[in-house]
Amino acid sequence: MFNISLRQMRTLLAIQKHGKISAAARALGLTSPAVTLQVQQLEQELGCQLFLRTKTGAQPTEIGEIAIQSAHRLIHELTSFEEIVQAHKGVAAGTIRLGVVSTGKYFAPRVIAAFTAMHPGISMTLVAANRADIIQKLHDHDIDVALMGRPPTTFKVQATLFGDHPLVFIASPEHPLAGKLDISREELAEQKFIVRERGSGTRSSYEFFMSDTLGGLRTAPTEMDSNETIKQAVIAGLGIAFISGHTIEQECLSGKIVILDVVETPIRRQWFSIRHASRTSTPALQALDDFLRLRGPSLLPVLSKPYPAAPSQSANMPLASYPD
């Protein structure tokens with residue numbers, strides 16, 4: 001059996017995270033020669049080179065990548081073991097690294113506040129990024145839990161459904177379609193659109209919804225990479241947008257944005273709490289899963305009706321489901 005220390009495992013992870021020996025040394029509170037010596041000792045023990053030293057930093061070799069993944073698993077297993085032991089002794093404690101897709105940052109803080117109020121011994125950190133980055137962080141075990149829509153399919157995960165996620169069309173109050181009832185896809189196709197970048201879940205749902213429109217879009221949509229930029233563009237009158245209903249709570253309350261009454265909308269998606277299948281469950285993670293199942297829906301922003309008048313027949317139609 002290899003004679004490998006936890007310190008060497010943590011050193012591997014620090015180099016992988018920071019890219020350079022010097023940066024990893026600063027993060028670990030060590031000198032660069034000390035970190036280099038740890039890597040050399042580990043390489044000697046394994047009989048393999050783990051990193052290629054280049055001008056741009058330390059690049060892991062193929063076996064280095066495998067060693068880094070093993071280090072992630074070992075550290076997480078030890079962390080899980082520690083939390084389980086603490087729970088066995090009656091100490092409700094633990095740490096959860098929570099990742100959310102960009103849309104989720106609009107409600108994640110209230111989730112954290114409510115959860116930690118119920119479990120004050122559990123600390124949480126929050127990382128918000130685009131879908132691709134969150135999936136990569138989950139795969140690399142850089143986060144423990146991800147809140148997102150459609151679960152990833154490139155590796156095995158455990159997913160817990162905890163709430164609905166409506167997608168809506170929005171416009172400024174001065175837009176010609178504002179206040180109009182039963183807007184059709186063909187009417188939408190005449191408008192200028194502002195959309196998220198390709199690859200985002202919202203963009204995929206938008207393209208799916210508009211794919212059956214006769215004649216297609218009349219003008220090419222303007223692409224923007226954040227919900228905040230899209231909302232400001234809509235407020236400025238640059239066009240209409242398709243966006244998560246959870247991102248527009250404050251703008252709707254202030255009257256800066258209105259939800260359009262488009263036939264067969266809101267489009268209904270779901271929110272999931274997702275863990276890597278290889279991540280051992282801990283009392284803290286189980287507590288978060290239970291909390292989201294019971295309290296998650298009540299912590300999501302609630303959409304109001306897209307018009308102040310009496311509801312039309314289409315407003316009572318069931319929500320349509322579309323792929324993320």
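# Burial and packing in a predicted model

Reader: Is His141 buried or exposed, and what is its relative accessible area?
Author: Buried means under 20% relative accessible area, exposed over 50% and partly exposed in between, with a 1.4 Å probe and protein chains only. His141 therefore counts as buried, its relative accessible area being 6%.

Reader: Before I go further, what kind of model is this?
Author: Residues are numbered from 1 along each chain as its sequence is written, and side-chain values use heavy atoms, with hydrogens and water left out. Local features need pLDDT of at least 70 and side-chain atom pairs count only at pLDDT 80 or more, while totals for chains, interfaces and linings use all residues, for this is a predicted model.

Reader: Where does His141 lie, and what is its phi?
Author: Helices (H or I, at least four residues) and strands (E, at least two) are DSSP runs numbered from the N terminus, and in that numbering His141 lies in the loop between helix 6 and strand 5. Although His141 is not a glycine, its phi is positive, at about 65°.

Reader: Which residues have the most contacts inside the largest nonpolar core?
Author: A nonpolar core is a set of buried Ala, Val, Leu, Ile, Met, Phe, Trp, Tyr and Cys residues joined through side-chain atoms within 4.5 Å. The largest such core has 34 residues, and those with the most contacts inside it are Ile96, Phe115 and Leu147.

Reader: Which element supplies the largest share of this core?
Author: Elements that each supply at least two residues of the core include strand 3 (94-101), helix 5 (108-118), strand 4 (122-129) and helix 11 (283-299). The largest share, seven residues, comes from helix 11.

Reader: Which elements are among those that cover the buried residues of helix 5?
Author: The buried residues of helix 5 are Ala108, Val111, Ile112, Ala114 and Phe115. What covers them includes strand 3, strand 4 and helix 11.

Reader: Which residues is Thr160 in contact with, leaving aside its neighbours within four places in sequence?
Author: Thr160 has its place in strand 6 (residues 157-171) and is buried, with a relative accessible area of 12%. Contact means heavy atoms within 4.5 Å, and with those neighbours set aside, the residues in contact with Thr160 are Trp271, Phe272, Ser273, Asp289 and Arg293.

Reader: What does Ser102 contact, apart from neighbours within four places in sequence?
Author: Ser102 is found in the loop between strand 3 and helix 5, and it counts as buried at 17% relative accessibility. Apart from those neighbours, Ser102 is in contact with Ala129, Arg196 and Asn227.

Reader: At what angle do helix 1 and helix 2 pack, and what is that arrangement called?
Author: Axes are lines fitted to C-alpha atoms, for helices over the stretch in contact, and angles run from 0 to 180 degrees between N-to-C directions. Angles under 35 degrees count as roughly parallel, over 145 as roughly antiparallel, 65 to 115 as roughly perpendicular and the rest as oblique. Helix 1 (residues 6-18) and helix 2 (residues 21-28) pack with their axes 8 Å apart, at an angle of about 125°. That makes helix 1, relative to helix 2, oblique.

Reader: How are helix 2 and helix 3 oriented to each other?
Author: Helix 2 and helix 3 (residues 32-46) pack at an angle of about 105°, with their axes 8 Å apart. The two helices are therefore, to each other, roughly perpendicular.

Reader: Which residues make the contact of helix 2 with helix 3?
Author: From helix 2 come Ile21, Ser22, Ala25 and Leu28. From helix 3 come Ser32, Val35 and Thr36.

Reader: Which residues of helix 2 are buried?
Author: What covers the buried residues of helix 2 includes helix 1 and helix 3. Those buried residues are Ile21, Ala23, Ala24 and Ala25.
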